[in-house]
Amino acid sequence: PVLKHDIELPASVPELLLEKHANFLLSYGTDKDEYMYCMTEHMRMSGMYWGLTALDLMGKLEQTNRNEVLEFIAQCQTESGGIAASLQHDPHILYTLSAVQILCIYNALDTIDIEKVVKYVKERQQPDGSFTGDIWGEIDMRFSFCAVATLSLLNRLDVIDVEKAVEFVMKCMNFDGGFGSKPGAESHAGMIYCSIGLLSITGNLHLVDADQLSWWLCERQLPSGGLNGRPEKLPDVCYSWWVLSALTILGRLHWVNKEQLVKFVLACQDTESGGFSDRPGDIADPFHTLFGLTALSLLNTDYPLKKINPTYCMPEYVIQRLHLKPARLD
Ligand SMILES: COc1ccc(S(=O)(=O)N2Cc3cc(-c4ccc(C=O)o4)ccc3N(Cc3cncn3C)C[C@H]2Cc2ccc(O)cc2)cc1
Ligand SMILES: [Zn+2]
């Protein structure tokens with residue numbers, strides 16, 4: 001039997017409900033007892049990065065409490081220099097990147113000890129060029145991207161062995177042109193974003209077969225217009241980001257059907273609460289809200305959204321303010 005790997009879109013989809021999405025994000029986490037607020041404490045720093053970046057894209061950053069956020073980040077920096085997701089939590093490279101991204105958006109890098117952040121990230125690199133996520137030793141190519149993105153935002157890529165880091169990423173490339181989380185792991189759109197992002201920052205995009213990889217990426221688009229992360233999977237709005245950002249860096253964004261994808265993304269809006277969910281009809285969250293908006297930003301729609309930088313997943317004006325020029329194939 002043919003397995004169902006796609007969804008039916010409703011006949012009509014709502015317009016972009018920007019005010020509702022802004023209110024959804026601004027009120028997320030105000031009720032400290034709210035179920036989702038408690039359930040996401042372990043990734044609070046990333047949740048704040050997703051919400052603040054989405055609000056900035058909508059031109060609502062001045063409605064956020066800048067001082068409260070900066071105070072929280074400073075309190076989350078630990079003895080090791082690494083930054084934790086929440087107070088009293090352990091530091092991790094995922095949350096160290098999220099914190100540095102937020103500080104760059106607020107133009108407030110001087111509110112934490114940068115030298116100690118650099119030391120923490122440097123200590124994560126292994127002899128084979130790979131990176132651990134924290135002191136417990138888990139290796140994942142995601143952490144290589146986090147390390148390189150964090151250090152490049154701080155203009156301190158000099159402290160790690162970039163060549164070895166690139167060597168490890170290329171060991172994660174598969175015969176289908178895609179990338180997995182470790183050598184031999186299956187290709188996944190999220191891992192392709194991390195590897196292409198790292199190669200973009202370090203100026204090594206010539207190492208990939210752009211046509212073969214872009215073909216694998218645009219194969220992610222389904223009849224519903226949505227994109228999935230691997231063959232045989234259901235579409236999900238966050239894959240719009242992983243796939244579109246990589247295709248943009250590879251200079252082949254035009255290979256996807258823009259109109260159908262825009263329709264899918266708009267169908268993922270929650271017209272009641274505001275925000276985007278992974279698929280039409282599911283619960284909205286800040287993670288999918290950011291990636292619904294970044295997809296519309298990358299697709300050059302007429303909606304009043306700021307440009308997103310495909311390599312760093314941060315507003316383009318912030319990357320320009322930092323004088324960063326991540327490479328792209330044209
Ligand atoms: C709801 O189940 C999960 C599963 C994994 C995670 S995760 O932290 O490993 N992560 C990010 C992620 C976050 C959310 C979410 C809900 C509410 C908030 C508040 O900010 O954020 C939801 C999902 C999610 N996932 C899981 C996912 C998304 N689409 C399909 N799935 C299975 C992604 C996951 C991995 C990740 C991706 C990017 C990143 O920067 C960090 C982690 C979180 C919740
Ligand atoms: Zn998703």
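Predicted model: local features only at pLDDT ≥ 70, side-chain atom pairs only at ≥ 80, totals over all residues.
## Residues around ligand 1

The shell around ligand 1 consists of 14 residues, and the closest are Met43, Trp50, Asp236, Cys238 and His288. By class, the shell residues comprise eight nonpolar, three polar and three charged.

For Asp236, the distance from a polar side-chain atom to a nitrogen atom of ligand 1 is 3.0 Å. For His288, the corresponding distance to a nitrogen atom of ligand 1 is 3.2 Å. Taken on its own, ligand 1 has 770 Å² of accessible area, of which the protein covers 58%.

## Helices that contribute to the shell

Of the contributing elements, H13 gives the most, with three residues.

## Packing of H5 and H7

Helix H5 spans residues 93–105 and helix H7 spans residues 141–153. Their axes come within 9 Å of each other and cross at roughly 30 degrees. Angles under 35 degrees count as roughly parallel, and H5 and H7 are therefore roughly parallel to each other. The crossing of H5 and H7 is left-handed.

Note on methods:
Residues numbered from 1 in each chain as written. Chains lettered and ligands numbered in written order. Heavy atoms only, no water. Near = heavy atom within 4 Å. Polar contact = N/O pair within 3.5 Å; in protein donor to acceptor, adjacent residues only side chain to side chain. Areas by Shrake-Rupley, 256 points an atom, 1.4 Å probe, with all protein chains shown as cover. Helix = DSSP H or I, 4+ residues; strand = E, 2+ residues; numbered from the N terminus. Nonpolar A, V, L, I, M, F, W, Y, C, P; charged D, E, K, R; others polar. Axes fitted to C-alpha atoms, helices over the stretch in contact; angles between N-to-C directions. Parallel < 35°, antiparallel > 145°, perpendicular 65-115°, else oblique. Left-handed = near helix turned anticlockwise from the far one by under 90°.
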